Amino acid sequence: MARRYGAINEFQSLMSRAAGFARPTRYQVMLTAPVPLGLPHHAREMSLLCDTIVMPGHDLQTHSAKYGTGIATEMVTGHGYEGTIEATFYCDVDMGIKTYFEKWQEQAISTTRNTVRYYKDNSGNYNYAGTMKIYQLGSHNEPKKTNVREQYGVHPLEESEQRADRMHYAAAKTYGMEVEEVYPTTIGQIEYAYATVDAVVLLPVSFQYRRWTEIDLAEE
């Protein structure tokens, strides 16, 4: 019995040193399109409207090698970044979030002329691939000084929000990944029904990407 309690104490001590478990409800998403899309949504609003998102994985690609009568060995031949990023977003009444992603897709292909744009322009800038940052947040909010325009400065803010740094309480970022060359490949269907009186419309979106890298939070 003493050994069992000892194991529990060690587990509690481990969680205490690690500041607890990661919670799936404690996250933040920062999504940036490659070019301004002429809509009021900017990085902060996109983060608030993101209801669910999948943090992408990473896989090793293998090939089976067998020599003579020996047992086959799975040898690593490469690596890849697993799947697409699936997300859902809350829709406002004017469907502005849906229009945002539709305009983003128009950067890749014209739905009226059916013409496809090159991945990059002549200057090497991406025509339709943006960036995404996904953060795991800690369990508690901490006092933090930030400049709102610098943090969410994808969109011009009101003059009152452009002043000096402001103190506010925010969850500490404990882990982050930056996803490169992101663009929405699929804007999903929206289902309507009279029975869902109190429900909020959610828009499913699938994102393609090239790779992701871990963010050094100390440098942010």
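1. Helices (H or I, at least four residues) and strands (E, at least two) are DSSP runs, numbered from the N terminus. This is a predicted model, in which local features need pLDDT of at least 70 and side-chain atom pairs count only at pLDDT 80 or more, while totals for chains, interfaces and linings use all residues. Residues are numbered from 1 along each chain as its sequence is written, and side-chain values use heavy atoms, with hydrogens and water left out.

2. A salt bridge is taken as a side-chain nitrogen of Lys or Arg within 4 Å of a carboxyl oxygen of Asp or Glu, and by this rule the count is two. Glu-102 pairs with Lys-98, their closest N and O atoms being 2.5 Å apart; both residues belong to helix 3 (residues 96–106), where they are four residues, or about one turn, apart.

3. The side chains of Glu-180 and Arg-211 also form a salt bridge, at 3.0 Å from N to O. Glu-180 is in strand 7 and Arg-211 in strand 9 (residues 211–214), so this pair ties together parts that are 31 residues apart in sequence.

4. Glu-181, in strand 7 (residues 166–187), deserves a separate comment. The residue is buried but has no salt bridge, and Arg-210, the nearest side chain of opposite charge, is 4.0 Å away; here buried means under 20% relative accessible area, exposed over 50% and partly exposed in between (1.4 Å probe, protein chains only), and Lys and Arg count as positive, Asp and Glu as negative, with His and the chain ends not counted.
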